[in-house]
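Please open the model in your viewer and keep the selection panel at hand. The tour below moves from one chain to the next, with a selection at each stop.

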Amino acid sequence: MATGDTATLTRAPAPRARQRNELAGWFRRHTFELTLITPLVLYVLLLTVAPIIDTFRHSFSAPTKGFGTFDSYRFIFKSSTFRHAVVNTIIVALLSLVLEIGVGLAVALALNVTFRGRGFVRTVLLVPLGVPTIVSGAVMLLIFARAGYMNSVLGLFANLIDEIPGIHLKWTNVSWTVAGGWRTLFTVAIADMWKVLPVMTLIFLAGLQSIPEDVYEAADVDGATKWQRFARVTLPLLVPYFTMALILRAIDAFRIFELALVLAGGVEPVVGTYIANRYLPPTSDVFTSSAASIVLFAIIMVFIILYLRFVARFQVQR
Amino acid sequence: MSITAIPRTRRDPLEAPLRVTFPFWVIGSALIVIFPLYLLFMVSFAPGSAVFGERPQLVVTNFTLRWWKDAFESAGLISPLIKSLVVASVTTALAIVIAAPAAYVISRLRPAIRYTVVIGLLVTRMFPEFTIGISVATRFAGWHLLDTYIGLILAHLIGSLPFIAWILVGTFETIPIDLEEAAQIDGASRLGTLVRVVFPIAAGGIAVASLFVWLYSWNEFLYARLLTTNQLTLPLKVFQAIDRGSTQSMATVAAILTLPILLVVYFLQRYLRPGALTGAVKG
Amino acid sequence: MADITLDEVSKIYPDGTQAVSSLDLGVQDGEFMVLVGPSGCGKTTALRMVAGLEEISRGSIRIGERVVNDVPPRDRDIAMVFQNYALYPHMSVYENMAFGLKLRKLPKEEIDRRVRRAADILGLEEFLRRKPRALSGGQRQRVAMGRAIVREPQAFLMDEPLSNLDAKLRVQMRSEIAKIQHDLKVTTIYVTHDQTEAMTMGDRVAVLKKGELQQVDAPQTLYDRPGNLFVAGFIGSPAMNMVTATLSRSDGSIVAEFGGFRLRVSDEAMKSRPDLSKFDGKQVILGIRPEDMEDSALVPEAPQDRRITSTVDLREALGSEILVHFTIDAPIVLTEDTRELAVDVGAEALEDLEERAKAAKSLFVAQLSPRTRLKEGDRMEVVVDTNRLHFFDPETGLGIYGSSGDR
């Protein structure tokens, strides 16, 4: 500092030179921090940002024309499979989000009550935390195949009801996965729900535990019923956690791939499987697969923006 | 002195139904979660006759180890197992080495900048894996990284690094700067402060984060699918079994893939505090 | 051990806030120097600059013979006790204390000897194996002290080390720290906002306001001869009563007139404040400490020209004394210093101050003997110890003492 002062007295350095000095000084003071953060920055630039830019470029390119064409987008939007895949993706994503949040909240509410054996139940519920998506698919195949357990259980249930005099009920086995239509999409959504249930439970449990007991005590003193406690205290205070769960999960829900591949691969396409089909041999088309992946990104962005515009604005300020 | 009697509030209409249904609620939750896993392992030990036909059995008494023997002997399971293990472990180690120091620096940035950086990291996650993956696969093909361990490790780091950095920023933020200052006054260098004070205190958070990275890599399917032609990983092996194996061999390979996870999660679940995932929600 | 000199030290943050301005302060070898002032006065920043945790914007700091401006904290050979103790949670009490010595590569036996000695001084022997989280607040505080002691540094720097303890423990630790410092004779800079700590612990006390040094003196001198209105109002509890008064000469002595009362300034007070005669016929700010007043019923022989009458607004019995609040019909003193003092109490206090300035009323507090019979609403009369009146120049806010420059 002192040297800087005398320098200005004697001869003012050119502004450019001073800027360079300041920059050099800043680098010298922060060598340690820069060294620590550089590997991560480089990695993200080289293997995340650069590929994303590549894919954008590819999506606007075509084999003979090079960059600057909408051919790939035109191609995929003309394809009925792709349009079908887009609709399916949105249906599955919304369906699984609703299921996940509903069931996740229900389980978290149960675990937030003190009861004997809660620790054990909590352990049990967390065990499938890391179950691979592909395994989730395999398990659902066991359950939802024509000769699977879903039909078996429903059949048992129907037989039980059939025992009641005057009622006749018979369950005919249906094929859930290869049937196509809503049953198949439903199966995919169920599989997704099961896979992420522990995570959702953890998130909502964190939310519930963040609500201080005295808020409930205040509600009790004010004479709130259980339902009012839930609707007027718990839910509003959980909104930040809903937002987090929704945004985290929505991104994944739209990107659904493995489950759709395993459970609906033959009959109901989603955008993920469409991209894989275009990219992998025998099609091996980088351009249309890139375009489809950009469309998928756009869908995710639209959802998040809509959510933030219309839902998160009700967020309780804390 | 007289106190006006407060009339007792009317009975809560939800009280009784809740009390009655609560056990079913809990048991139902547990069943939804655990029953499919039970099925998976049960089928992998069941004779074929028991789980096929109009009414597959829910409980099997005559177990068989046939499918597990088959899986290890005939299906070429060892090499995928090794590949998955090595890739997951190396990915985890590299992810921590790269992300932990960076996360520390990010956690000590001014709040506005820190927030921007963290959001930036999360934005990379908004892109479909395919958007990144197909370009990466195309590049890796050019660099002869298909079907290699290193190629898959590099690919798995793409998803892991932002995630682990995000979690660790949350962990480091909770460590008071006082402690670093105390260490510096005690005579530690910047690096010494990091290695001897900050990282040990954050050990719990680092362990949880690396567990998640390990699980992610162990389970990862999409990059593996794009970067593999014949050196399968375990998840690809499961897919192969789904595609062309029997129900039992599918269940068995899936069970083999799942078993280490169940063990890892079971032993580490006491560290899985609800807050572990949600550090970014509050404040 | 060493002396510490701050020479024209300033701290200016990148956003332009000036936390410390041209601070000149010399701490002698082995001295216990307390930095005190309201929050935001720059005392902690000053301490952190000495520690090396904060860059020095201007000026220089010397520890012993060495200018340490560019020396990193680890090479300054100082030890610091933090407000939140900053104990390493992953280390036992023993390891916490040994950490700094290990880093300096001291032999194991030496480390052990020093840690055990410090533990002995602080009564921590039985807790050496425990982790900080298994300790009470007071024990953590001791460990933080121990960590400083084992280092045998050139200086101790303490940043409000007692502020997280409850009142009783704080009193106990206060004397313990003072005793330890006295025994070890390590130069110490101690930051606090608590004037009782400052008064009881410091060899000398430096009062800061908005980054500027107000006065450095021995505690009793600060109390008896505050250099300006700020120091006068900050030191002492309850705070000194201040009112604008006019001086005039009558019967050969000086009389201070305010709100219809006339107090004759004693000869003794005149002798210690020769400059007072220059204010003959002018306005001054008169300061009366609450403890320099007594219920006239208990001192019936006191002369008339030492009395103030009013009505009791509020009576606070504290057991050993009784505080009586009353109103005087004289304008309250509204200067930058008194504003700053009110801000320290809270936003409401500032509003209150301005409200009363408009109404030309002053609120007085007198600290009376518990034998007083005064009740709320009573007419009251108090006798003022006119040997202990304080006078300040309303223009500058400086205390009026002798021209020779002794404050």
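Helices here are DSSP runs of H or I with at least four residues, and strands are runs of E with at least two, each numbered from the N terminus. The model is a predicted one.

Begin by selecting chain B and colouring it by secondary structure, which on this count comes to twelve helices and zero strands. Followed along the sequence, chain B reads α-α-α-α-α-α-α-α-α-α-α-α. Of its 283 residues, 49% count as buried, and among the contacts in chain B with a separation of 6 or more, 75% are between residues 24 or more positions apart.

The crossing in which H7(A) passes H9(A) is right-handed. Show side chains next: from H7(A), Thr133(A), Ser136(A), Gly137(A), Met140(A) and Phe144(A) meet Thr187(A), Ile190(A), Ala191(A), Trp194(A) and Lys195(A) of H9(A). By class, this contact has five nonpolar, four polar and one charged residues.

For the last stop, select chain C and look for its open sheet, in which six strands with mixed pairing follow the order S6-S7-S8-S3-S9-S10. Strand S6 (78-81) and strand S10 (212-217) of chain C stand at the edges with a single partner strand each, so one side of each has no neighbour in the sheet. Across this sheet, neighbouring strands are turned against each other by 20° on average, with direction ignored.

Zoom in on S6(C), which runs parallel to strand S7 (residues 155-159) of chain C and is joined to S7(C) by four bridges. Which residue in S7(C) is the bridge partner of Met80(C)? The partner is Leu157(C). Finally, select residues 137-150 of chain C to bring up helix H4, which lies across S6 and S7 of chain C and runs at about 175° to S6(C).

Methods. Residues numbered from 1 in each chain as written. Chains lettered and ligands numbered in written order. Predicted model: local features only at pLDDT ≥ 70, side-chain atom pairs only at ≥ 80, totals over all residues. Left-handed = near helix turned anticlockwise from the far one by under 90°. Contact = placed C-beta atoms within 7 Å. Nonpolar A, V, L, I, M, F, W, Y, C, P; charged D, E, K, R; others polar. Pairing = 2+ DSSP bridges. Axes fitted to C-alpha atoms, helices over the stretch in contact; angles between N-to-C directions. Buried ≥ 20, exposed ≤ 12 C-beta atoms within 10 Å, placed from the backbone.
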